[in-house]
Amino acid sequence: MADEFGHPAPGEMDLGKVLAALADPLRRGVVTALLQEPDGTERTCASFQLPVSKSSCTYHFRVLRESGLILHPDYGNRRGVTLRRAEMEQRFPGLLGVLAHDAVTAGATG
């Protein structure tokens with residue numbers, strides 16, 4: 001059952017939803033940016049400087065939250081963004097490692 005912010009429990013994370021969330025390059029970029037941070041790092045939505053409107057940013061972070069990739073609590077005047085690294089590794093072992101590797105190799109060739 002999802003919590004009050006719409007985060008699914010680890011057992012409710014669906015691989016199809018996770019892969020659909022990661023199919024978008026902007027959302028994948030958010031996840032790979034968080035992978036480069038120490039575990040547990042919380043950033044603001046604005047810190048990612050996505051080249052889209054505020055409403056589009058809201059949509060992208062909602063997709064990431066509802067898939068289970070991020071924690072996205074609402075603090076009233078701002079929202080935090082944290083990668084659910086341990087939960088993702090528990091539910092889909094190796095998936096985040098593949099993303100991290102892809103980001104490194106894409107950076108080396110792009």
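Student: What should I keep in mind about the numbering and the model?

Tutor: Residues are numbered from 1 along each chain as its sequence is written. The model is predicted, so local features need pLDDT of at least 70 and side-chain atom pairs count only at pLDDT 80 or more, while totals for chains, interfaces and linings use all residues, and side-chain values use heavy atoms, with hydrogens and water left out.

Student: Why is α1 called roughly antiparallel to α3?

Tutor: The axes of helix α1 (residues 15-23) and helix α3 (residues 54-67) come within 9 Å and cross at roughly 155°. Axes are lines fitted to C-alpha atoms, for helices over the stretch in contact, and angles run from 0 to 180 degrees between N-to-C directions; helices are DSSP runs (H or I, at least four residues) numbered from the N terminus. Angles under 35 degrees count as roughly parallel, over 145 as roughly antiparallel, 65 to 115 as roughly perpendicular and the rest as oblique, and therefore α1 is roughly antiparallel to α3.

Student: Which residues make the contact of α1 with α3?

Tutor: Lys17, Val18 and Ala21 of α1 and Val63, Leu64 and Ser67 of α3 make it, where contact means heavy atoms within 4.5 Å. By class these are four nonpolar, one polar and one charged residues, with Ala, Val, Leu, Ile, Met, Phe, Trp, Tyr, Cys and Pro counted as nonpolar, Asp, Glu, Lys and Arg as charged, and the others, Gly among them, as polar.

Student: What makes α1 roughly perpendicular to α2?

Tutor: These two helices pack at an angle of about 100°, with their axes 5 Å apart, and because of that angle α1 is roughly perpendicular to α2. Ala20, Ala21, Leu22 and Ala23 in α1 meet Pro25, Arg27, Arg28 and Val31 in α2, a contact that divides into six nonpolar, no polar and two charged residues.

Student: How do α2 and α3 pack?

Tutor: Helix α2 (residues 25-35) and α3 pack at an angle of about 65°, with their axes 10 Å apart. Leu26, Arg27, Val30 and Val31 in α2 meet Tyr59, His60, Phe61, Val63 and Leu64 in α3, and this contact has seven nonpolar, one polar and one charged residues.

Student: What makes a space a cavity or a pocket?

Tutor: On a 1 Å grid over the protein atoms alone, a cavity is a set of points where a 1.4 Å probe fits but cannot get out, and a pocket is an open set with protein on both sides within 12 Å along at least five of seven lines; lining residues have an atom within 4 Å of a point. The structure holds one cavity of 30 Å³ or more, and the largest cavity is lined by residues including Leu34, Pro38 and Arg85. The largest pocket holds about 270 Å³ of space, with Cys45, Phe61 and Arg79 among its lining residues.

Notes. Points joined across faces, edges and corners; volume = space filled by probe spheres on them.
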